[in-house]
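Here is a short briefing on how two parts of one chain meet. Look at the structure first, then read the points below.

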Amino acid sequence: MAKKIILTGDRPTGKLHLGHYIGSLTNRLKLQDETEEYVMIADAQALTDNADNPEKVRQNVLELMLDYLAIGLDPEKTTFLVQSMIPELPELTVYFLNLVTLARLQRNPTVKNEMKQKGYGANVPAGFLTYPISQAADILAFKADLVPVGEDQLPMIEQTNEIADTFNRFYGPVFKHAKALVSSTGRLPGIDGKAKMSKSLGNAIYFSDSEKTIRDQVMEMYTDPKHIHVKDKGKVEGNVVFTYLDAFDSDKSVVEALKKQYRKGGLGDVEIKKRLIDVLESLISPIRQKRERLAKDPKAVMGILEKGTKKAREATKKTLAEAKAAMKIDYFR
Ligand code: TRP
């Protein structure tokens with residue numbers, strides 16, 4: 001049986017953090033053993049709202065590669081690629097642009113949200129408004145079966161499948177639906193208790209963070225504001241330290257015992273924070289060390305990306321040829 005095809009990606013606008021880990025990295029790690037997995041660094045997409053900051057995008061391509069390799073994505077199993085070096089993707093995007101209305105683009109809830117955050121209004125760059133179409137090209141060019149992403153990406157997959165349907169209706173069956181794979185653990189809140197961990201909110205813990213930074217971050221974590229004295233009864237729900245222990249502590253019975261004691265009173269915030277510091281440090285420290293080692297040879301790391309991109313391009317060439325034949329623009333063959 002043919003292996004399932006996985007395609008997923010990140011914009012190179014910052015390093016990866018624990019929110020990414022819970023949201024999609026653990027799924028990617030699991031899937032690389034049993035599937036044909038592609039991981040795309042979406043630099044062209046990153047430029048849709050960073051057109052004036054190419055240096056940032058360029059630097060973060062390497063940072064993402066370091067994160068991927070350090071957490072254990074294995075170039076023997078996973079193909080890494082950089083979006084801008086595959087011209088078949090923008091070419092497919094051009095044809096997909098005909099299949100989507102402006103009204104539909106303006107309804108995409110994730111884009112709407114981002115536009116509000118950035119205060120674009122009517123002055124939204126056309127490339128930004130249309131990036132879901134280019135993302136559809138990313139996914140469909142690889143004929144991906146599964147797309148492991150955070151839940152904010154669900155509208156993108158929905159729009160991708162609409163484009164596949166319209167294309168097939170106009171030109172014949174070329175594309176199939178992709179399925180989003182969202183983490184069952186749900187989304188990880190930021191250290192401040194806000195619903196989402198994100199770079200722009202400044203509430204994230206990174207794989208590249210030092211031991212001291214992790215300790216400081218955990219010490220600052222939002223707990224139960226009414227839990228003032230050790231003897232007070234404390235709330236576990238919405239208490240970020242417990243949310244993180246649930247997500248990262250492999251010893252569930254210890255966590256349950258701590259919750260019980262915290263609810264009853266007699267367990268201080270410092271105690272549970274100390275436990276979390278140990279748990280996070282034992283997860284992150286080997287990753288951090290591997291990352292530092294890899295960072296000493298950026299050329300080798302970029303070489304892995306180059307090799308992967310070449311391989312990935314072959315897959316997209318095939319799909320583009322098929323799509324163009326279906327569209328009757330395959331002249332000169
Ligand atoms: N939009 C995704 C993000 O912001 C990145 C991305 C680009 C992507 N192309 C993709 C994700 C294709 C999955 C599949 O994180």
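In this predicted model, 11 residues of domain 1 are in contact with 9 residues of domain 2. In domain 1, Leu18, Ala70 and Leu188 lose the most area to domain 2. Together these three give 51% of what that side buries.

**The two domains**
- The domain assignment places residues 5–188 and 298–327 in domain 1.
- Domain 2 covers residues 211–292 in that assignment.
- The C-alpha centres of domain 1 and domain 2 are 34 Å apart.

**Buried area**
- The size of an interface is often given as the accessible area lost when the parts come together.
- Between domain 1 and domain 2, the buried area is about 940 Å².
- Carbon and sulfur atoms give 73% of that area.

- The rule finds 2 salt bridges across the interface of domain 1 and domain 2.
- Asp67 forms a salt bridge with Arg291. Their closest N and O atoms are 2.7 Å apart.

**The side of domain 1 that touches domain 2**
- Two elements, α1 (18–31) and α3 (54–71), each give two or more residues to this side of domain 1.
- The most comes from α3, with 6 residues.
- By residue class, this side of domain 1 has 8 nonpolar and 3 charged residues, and no polar ones.

Note on methods. Residues are numbered from 1 along each chain as its sequence is written. This is a predicted model: local features need pLDDT of at least 70, side-chain atom pairs count only at pLDDT 80 or more; totals for chains, interfaces and linings use all residues. Side-chain values use heavy atoms; hydrogens and water are left out. Domain bounds come from an automatic or database domain assignment. Contact means heavy atoms within 4.5 Å. Buried area is the accessible area (1.4 Å probe) that two parts lose on being put together, summed over both. A salt bridge is a side-chain nitrogen of Lys or Arg within 4 Å of a carboxyl oxygen of Asp or Glu. Helices (H or I, at least four residues) and strands (E, at least two) are DSSP runs, numbered from the N terminus. Ala, Val, Leu, Ile, Met, Phe, Trp, Tyr, Cys and Pro count as nonpolar, Asp, Glu, Lys and Arg as charged, and the others, Gly among them, as polar.
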